[in-house]
Amino acid sequence: MAKAAGCAAKLNPATLDAVLRKLPRQTDPNVLVGFDTNDDAGIYRVSESLALVQTVDFFTPIVDDPYLFGQIAAANALSDVYAMGGRPISSLSIVGFPERGDTAILEQIICGGLAKMNEASCSVIGGHSIRTDDMLFGYAVTGTIDPRRIWRNVGARPGDVLLFTKPLGTGVITTALKKDRASAESLSAAVAAMTTLNSAAAAALHEVDKKSSAAEPAIHAVTDVTGFSLLGHAREMALGDPAHGVEAVSFEIDHSAFDYFPGAVDAAREGHLSGGLKNNRAFVGDCASFAAGVPQEYQDLLFDPQTSGGLLIAVAPEQTDSALTDLRRHGTSARQVGNVLRKRSPLMQIV
């Protein structure tokens with residue numbers, strides 16, 4: 001019942017970028033993070049020690065089971081708050097449902113979302129619904145954060161190490177599912193990851209940061225990888241924020257270092273590529289250079305739209321082992337996938 005599934009349904013990043021570039025910059029000094037750098041969430045300062053993290057995420061069904069769809073949509077919306085270093089506290093549901101749709105399906109979607117929100121100790125306090133031809137579901141989430149301890153998607157420094165949590169490949173697997181070509185094993189693995197909160201990963205990164213001083217934090221940049229793909233979100237991280245003194249950098253990324261879902265490589269090889277993947281490649285492709293030995297299916301997977309994906313982290317090199325240890329101790333899959341270099345052209349080199 002979906003033309004495009006999950007985060008692959010996002011607007012073309014080129015279209016969105018062209019619109020956002022024309023908007024005026026924020027002038028309220030309490031807006032600590034706005035839309036200028038395509039960060040994961042906005043942050044508004046309330047006091048010297050308290051700020052609000054705000055985000056909204058909704059999409060079309062990505063799996064057949066409505067309860068699981070609700071869980072995935074909730075985990076995906078919560079992820080933006082965790083990626084900023086915040087703690088989600090409340091949410092508002094967003095529902096689009098066909099007028100003649102089966103209300104039992106809607107009930108299961110909402111119940112699945114509520115279960116995941118309860119797991120995150122994030123209260124659902126209301127919402128809004130409209131009649132639509134395509135089902136839509138998600139949440140606007142509010143969290144709290146110390147404005148002096150924000151993780152942004154910019155701030156990576158030359159010499160940093162890139163870490164990534166969760167496997168890659170939800171887009172190609174769910175595209176294969178729409179064609180009845182996804183195996184039970186690959187679908188089960190993808191669903192398990194998409195319904196896993198990034199809260200444990202965030203908790204581990206907080207522990208790493210506590211070992212460093214506020215002046216020299218160990219965690220330099222964090223973003224969650226969703227519809228714009230690993231390379232799309234990596235590009236946003238590499239571009240920096242020169243207007244606020246955060247210089248651009250370059251990334252060297254090892255395609256073989258990632259964990260891929262079972263069946264993801266085969267799905268990419270067989271051509272189960274979503275429209276979102278093709279949009280990502282068209283938008284980001286000029287910023288990425290692939291070594292001659294990188295197979296096409298792995299190139300495709302790095303442009304693959306992820307739903308409720310993992311965290312991409314730039315960490316100080318001396319804290320890499322500590323970060324990996326803490327992440328794994330919290331039960332989070334994490335791998336070292338690349339390095340941060342001084343800016344060069346193209347921004348990202350994939351080996």
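This is a predicted model: local features need pLDDT of at least 70, side-chain atom pairs count only at pLDDT 80 or more; totals for chains, interfaces and linings use all residues.
Buried means under 20% relative accessible area, exposed means over 50%, and partly exposed lies in between.

Side chains of opposite charge can pair when their charged atoms come close. The structure holds 14 salt bridges. Three of them are followed here.

Start with Asp 259. Its relative accessible area is 25%, so Asp 259 is partly exposed. The side chain of Asp 259 meets that of Arg 335 in a salt bridge, at 3.9 Å from N to O. This pair links distant parts of the chain, 76 residues apart. Asp 259 sits in the loop between β9 (249-253) and α8 (264-269). Arg 335 belongs to strand β12 (residues 334-342). Arg 335 also counts as partly exposed, at 34% relative accessibility.

Asp 326 lies in helix α11 (residues 320-329), while Lys 211 lies in the loop between α6 (199-210) and β8 (219-224). The pair therefore ties together parts that are 115 residues apart in sequence. Lys 211 is partly exposed, at 49%.

Last, look at Arg 148 and Asp 146. Their side chains meet in a salt bridge at 2.9 Å, N to O. Arg 148 has a relative accessible area of 53%, so Arg 148 is exposed. Asp 146 is partly exposed, with a value of 26%.

Conventions: Residues are numbered from 1 along each chain as its sequence is written. Side-chain values use heavy atoms; hydrogens and water are left out. A salt bridge is a side-chain nitrogen of Lys or Arg within 4 Å of a carboxyl oxygen of Asp or Glu. Buried means under 20% relative accessible area, exposed over 50%, partly exposed in between (1.4 Å probe, protein chains only). Helices (H or I, at least four residues) and strands (E, at least two) are DSSP runs, numbered from the N terminus.
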